[in-house]
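Biologist: I would like to go through this structure and ask where each label comes from. Please give the cut-off whenever a new term turns up.

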Amino acid sequence: MTKTNKSTPAAAERILTEEEILKMDDKDYMNPAQMAFFKAKLQQLEKELLKNAGETTEHLRETVLVPDPADRATIEEEHALELRTRDRERKLLKKVQQSIAAIDANDYGWCEETGEPIGIPRLIARPTATLSLEAQQRRELKQKLYGD
């Protein structure tokens with residue numbers, strides 16, 4: 001299968017379901033309907049991540065002065081955990097935005113290393129994937145053996 005340069009429709013009539021996308025033939029890989037499906041999925045994820053970031057900001061502004069050191073330590077630990085979670089989400093948001101840009105450039109769904117299709121099941125599970133399963137496994141093995 002070779003990478004084709006198909007443009008996405010300005011407004012798709014209807015976004016397909018995961019089942020409909022999975023039933024499609026391999027020759028339909030990254031057709032306009034699939035691109036619209038993944039763009040909608042990524043935009044929804046982006047919206048959720050931005051909403052969570054806003055809620056965290058509001059939550060951290062609500063400082064409560066607690067005289068008990070144990071309670072204060074608990075609150076500080078909860079804030080630290082929330083900040084770590086948001087930091088991971090911030091990194092994911094960047095990947096989501098890069099994936100949306102790749103859809104707009106018709107580069108989405110193709111392995112960065114090999115140029116082969118990443119695969120619909122993998123993209124449904126991880127819409128920000130940039131490597132095929134085999135390339136990702138090779139990268140992880142290399143990192144395990146040689147470190148970062």
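Modeller: To begin with, a helix here is a DSSP run of H or I with at least four residues, a strand is a run of E with at least two, and both are numbered from the N terminus. Gln43 lies in helix H2. The model is predicted, and local features need pLDDT of at least 70, side-chain atom pairs count only at pLDDT 80 or more, while totals for chains, interfaces and linings use all residues. Residues are numbered from 1 along each chain as its sequence is written, and side-chain values use heavy atoms, with hydrogens and water left out.

Biologist: Why is Gln43 called partly exposed?

Modeller: Buried means under 20% relative accessible area, exposed means over 50%, and partly exposed is in between, with a 1.4 Å probe and protein chains only. Gln43 has 38%, so it counts as partly exposed. Its C-alpha atom is separated by 15 Å from that of Ala129, 86 residues apart along the chain.

Biologist: How do you know whether Tyr29 is buried or exposed?

Modeller: Tyr29 has 7% relative accessibility, so it counts as buried. Trp110 also has 7% and therefore counts as buried.

Biologist: What makes Tyr29 and Trp110 an aromatic pair, and of which kind?

Modeller: A pair of aromatic rings is described by the distance of the centres and the angle of the planes. Rings of Phe, Tyr and Trp (its six-membered ring) pair if their centres lie within 6.5 Å; planes under 30 degrees apart are stacked, over 60 edge-to-face, and the rest tilted. Tyr29 and Trp110 are 5.1 Å centre to centre, with 90° between the planes, and the pair is edge-to-face. Tyr29 sits in the loop between helix H1 (18-23) and H2, and Trp110 in the loop between H3 and H4, 81 residues apart, and the pair links these distant parts of the chain.

Biologist: What makes Phe37 and Phe38 a pair?

Modeller: Their centres are 5.0 Å apart and their planes 80°, which is edge-to-face. Phe37 is at 8% relative accessibility, so it counts as buried, and Phe38 is buried because its relative accessible area is 0%. Phe37, Phe38 and Tyr108 form one aromatic cluster, and the structure holds three aromatic pairs.

Biologist: Which residues have the most contacts inside the largest nonpolar core?

Modeller: A nonpolar core is a set of buried Ala, Val, Leu, Ile, Met, Phe, Trp, Tyr and Cys residues joined through side-chain atoms within 4.5 Å. The largest one has 23 residues, and those with the most contacts inside it are Tyr29, Met30, Phe38, Tyr108, Ile120 and Leu123. Helix H2 (32-61), H3 and helix H4 (120-125) each supply at least two residues of this core. H2 gives the most, with five residues.

Biologist: How do you know how much of residues 34-103 is helix, and how much strand?

Modeller: By those DSSP runs, the span is 90% helix and 0% strand, and its end C-alpha atoms lie 10 Å apart. An unreviewed UniProt entry lists residues 34-103 as "domain: DnaK suppressor protein DksA N-terminal". UniProt positions are given in the numbering used here, feature names are shortened, and annotations may be inferred rather than shown by experiment.

Biologist: And what about residues 111-135?

Modeller: This stretch is 36% helix and 0% strand, with end C-alpha atoms 8 Å apart. The unreviewed UniProt entry places "zinc finger region: dksA C4-type" there.
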